[in-house]
Amino acid sequence: MTGPGANAAARSPGGAALLDEFSYDDDVVRKFLFASVAWGIVGMLVGLVIALQMADPRFNFGLPFTSFGRLRPLHTNAVIFAFAGNAFFTGCYYSTQRLVKARMFSDALSRIHFWGWQLIIVAAALTLPFGYTQAKEYAELEWPIDIAIAVVWVVFAVNFIGTLVKRRERHLYVALWFYLASIVTVALLHIFNNLSMPAGWLKSYSIYAGVQDAFMQWWYGHNAVAFFLTTPFLGLMYYFMPKAAEGPVFSYRLSILHFWSLVFLYIWAGPHHLHYTALPEWASTVGMLFSVMLWAPSWGGMINGLLTLRGGWAKVVDDPILKFFVVGITAYGMSTFEGPMLSIKSVNALAHYTDWIIAHVHTGALGWNGFLAAGMVYWLLPRLFQAPLYSKRLAELHFWIATFGILLYVVAIYSAGVTQGLMWRAFDETGRLSYPDFVETVARLVPMYWTRVLGGSLYLAGMLVFMYNIVMTWRRRPAVYEVPVVRAAPLARAAAPEPEDGHRLGGVFPLRLHRTWERMPVTFTVLVLVAVVVASLFEVIPTFLIKSNVPTIASVKPYTPLELYGRDMYIREGCFNCHSQMVRPLRYETERYGEYSKPGESVYEHPFLWGSRRIGPDLAREGGKYPNLWHVRHFANPRELAAKSIMPGYAQFATNAIDWEVIPGRIRAMAMIGVPYGPAVTDAVPMARRQAALIAADIEKAGGPGGLADREVVAIVAYLQRLGQDIRGTAAAAATPAGAAGAGAPAGGATPAGATPAGATTPAPARGGR
């Protein structure tokens with residue numbers, strides 16, 4: 001242990017050591033607390049901006065770095081990793097020291113963790129709006145930042161586990177189990193999901209492709225929610241709820257069942273995000289079964305939290321801290337009931353890609369994470385700042401306006417989600433789609449989007465009240481904080497044989513065994529790791545090793561160099577946040593979009609771009625539907641072709657020059673992870689220039705602007721026109737100019753990728769769009 005407050009020993013007159021003397025490091029706790037609330041306000045402000053963009057596209061402000069596709073991942077990363085992450089670290093550093101009666105293992109590691117984490121958040125804020133992204137939900141940050149995250153997380157893990165080893169309490173309390181599980185599992189998820197091949201300092205390609213990349217992403221994505229937003233906050237609940245209620249947790253036995261059931265079951269559930277996609281059906285079915293089983297332990301945890309208040313419910317009326325905790329735990333129960341329900345295939349068929357999922361996520365994030373963090377911070381303020389809370393009335397105001405904000409938000413967006421799902425699948429009396437134009441469903445939702453703006457504004461107003469109350473309490477702090485000296489017996493003295501606890505353990509062997517594990521933090525950590533790894537491997541190994549899971553399609557070829565550049569633009573602009581590329585084998589989808597998607601179509605997709613939301617139509621079969629000029633006009637001003645579209649404009653595509661120099665490096669990176677590029681590895685730029693010239697000529701011939709052969713718009717048009725072409729038989733033969741064999745569709749045609757056939761140069765009628 002290093003730094004102020006390092007151990008001293010109180011001694012008897014005879015010189016024998018009796019008690020260790022030390023102090024807790026609350027300075028780092030204060031730092032994390034301020035960071036959490038400050039970043040929370042920033043993240044929610046960005047969320048409010050993108051909510052406004054959904055209601056009125058003018059709020060995109062016509063700037064590339066303020067468009068919805070770029071700001072949406074900034075919002076999710078800020079709320080999850082900056083707000084919730086710092087809130088977890090606040091509670092973890094405070095409670096761990098007191099639960100083990102020891103200062104943190106190293107003050108230096110605590111500071112490295114704090115400043116390292118804040119620098120990572122700043123790096124996210126500086127890269128995501130400028131289009132540097134891996135296109136993986138909740139894992140968008142590029143490879144240098146991923147490495148930094150891994151390093152800082154290891155620092156945190158060493159500091160935490162080192163503290164447990166140096167503890168003065170014999171047993172690990174339940175909150176520490178959840179902290180351990182979170183630390184171990186997040187490290188595993190982060191490392192394996194983010195394995196990628198760098199193609200530049202801020203550009204990389206996932207080593208996984210298509211089906212396997214989708215599986216790994218949602219193994220990570222679902223469990224990032226589980227082990228970053230659920231288990232750590234359950235640990236906080238198990239510490240701070242009994243503190244606020246001034247009583248013990250309801251049931252030790254239930255906490256054991258809750259913990260191990262969650263750790264083992266949660267890790268299986270990710271594939272339920274991919275129902276009816278090209279993922280093998282057995283995998284999504286397994287995910288559904290384990291998701292349904294999660295109902296029991298999740299509600300066991302909710303019951304354990306709420307019943308901790310047994311006999312003290314009258315306190316809730318007057319105590320805003322308990323109000324936050326009770327509503328937060330209730331929101332956890334609602335979310336963990338709805339999650340398994342949404343994993344059921346028949347429900348998922350309606351809800352997937354709709355705003356229903358957005359409402360579900362925000363019930364958990366705003367209710368569970370937001371309210372639990374607020375209750376924890378209000379409880380901590382007098383203890384950390386050694387001054388009374390500035391205003392209990394303001395805390396009550398914060399609670400009520402935030403609660404009303406959540407209700408407005410989720411009611412509006414649940415309504416929007418169900419409306420979307422029902423309109424997409426509606427058929428009229430003649431057997432045709434009732435709403436064939438996608439933009440009709442978008443226009444119907446705009447009033448609900450404005451209601452969300454109101455709800456989000458109220459929640460943000462509550463956060464501003466929260467920050468004001470914190471700052472005013474901080475201003476009442478003493479000139480110099482008092483540092484209490486804590487005295488505790490060293491573990492060697494505290495570890496005398498424990499008397500039989502027949503009342504609590506009932507003589508049941510597994511419970512006695514668990515009490516033994518609680519004395520062994522390293523063993524406990526290994527057991528958690530084994531549970532998570534074993535569950536993961538049962539799904540990972542078959543998905544990767546059984547070839548029949550991803551049957552290949554002979555006509556599917558890699559993207560040409562120009563198409564790959566266009567695909568990277570699609571990723572840069574965050575188009576995957578609004579458009580899916582996965583047609584499910586459901587009649588209303590095949591009627592709207594065409595042939596359903598096959599596993600073999602995406603074998604060269606690094607990363608996969610199946611999407612998780614449809615603010616705009618699916619694009620898996622977009623290639624060849626519309627002339628090249630239509631796409632140019634659509635990017636310049638979407639509302640010229642679809643008056644009710646909420647898609648931001650991308651007029652800059654027609655003026656931004658293609659960066660030809662980056663293309664060879666990107667082709668080489670893709671080749672290194674197994675994409676068979678052949679001649680394109682050495683001839684990438686000439687091939688890209690030839691294809692760009694053909695597309696530019698077609699646009700000019702159709703009456704469009706000239707001089708586009710070296711502009712980005714031709715690259716993204718080339719990419720969009722390629723989508724779905726490879727499974728249309730000989731249509732793929734016209735996808736690449738002569739000389740590009742091996743880097744796309746076979747050579748033999750002079751028509752650019754997906755270009756309109758001769759004589760069909762008139763722009764097609766407007767289609768539904770975002």
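Predicted model: local features only at pLDDT ≥ 70, side-chain atom pairs only at ≥ 80, totals over all residues.

Student: Which residues are the closest to the centre of the second largest cavity?

Tutor: Tyr-559, Glu-601, Ser-602, Glu-605 and Gly-724 are the closest to its centre, out of 23 residues that line the cavity. Sorted by class, that lining has 11 nonpolar, 5 polar and 7 charged residues.

Student: How many cavities of 30 Å³ or more does a search of the whole structure find?

Tutor: The search finds 8 of them.

Student: What is the volume of the second largest pocket?

Tutor: That pocket has a volume of about 410 Å³. It is lined by 31 residues, and those closest to its centre are Asn-77, Phe-81, Trp-117, Leu-141 and Ile-149. The lining has 26 nonpolar, 3 polar and 2 charged residues.

Student: Now a helix on its own. Where does helix H13 bend?

Tutor: Helix H13, residues 355-385, bends by about 30° at Trp-379. A proline, Pro-382, follows within four residues of that point. As for the ends, a side-chain oxygen of Thr-354 comes to within 3.1 Å of the backbone nitrogen of Trp-356 at the start of H13. Just after the helix, Gln-386 takes a positive phi of about 50°.

Student: Why is H13 described as largely enclosed by the rest of the structure?

Tutor: Because 27 of its 31 residues are buried.

Student: Last, a single residue. Is Thr-336 buried or exposed?

Tutor: The test for buried is a relative accessible area under 20%. Thr-336 has 10%, so it is buried. Thr-336 belongs to helix H11, residues 320-343.

Student: What does the side chain of Thr-336 reach?

Tutor: It reaches the backbone oxygen of Tyr-332, at 2.7 Å. The general idea is that an α-helix has 3.6 residues a turn, so residues three or four places apart point the same way.

Student: Which residues is Thr-336 in contact with, leaving aside its neighbours within four places in sequence?

Tutor: Those are Trp-295, Ser-298 and Trp-299.

Definitions and conventions. Residues numbered from 1 in each chain as written. Heavy atoms only, no water. Helix = DSSP H or I, 4+ residues; strand = E, 2+ residues; numbered from the N terminus. Buried < 20%, exposed > 50% of the residue type's maximum accessible area, 1.4 Å probe, protein only. Polar contact = N/O pair within 3.5 Å; in protein donor to acceptor, adjacent residues only side chain to side chain. Contact = heavy atoms within 4.5 Å. Bend = angle between axes of the 7 residues up to and from the residue. 1 Å grid on protein atoms, 1.4 Å probe; cavity = no way out; pocket = protein on both sides within 12 Å on 5 of 7 lines; lining within 4 Å. Points joined across faces, edges and corners; volume = space filled by probe spheres on them. Nonpolar A, V, L, I, M, F, W, Y, C, P; charged D, E, K, R; others polar.
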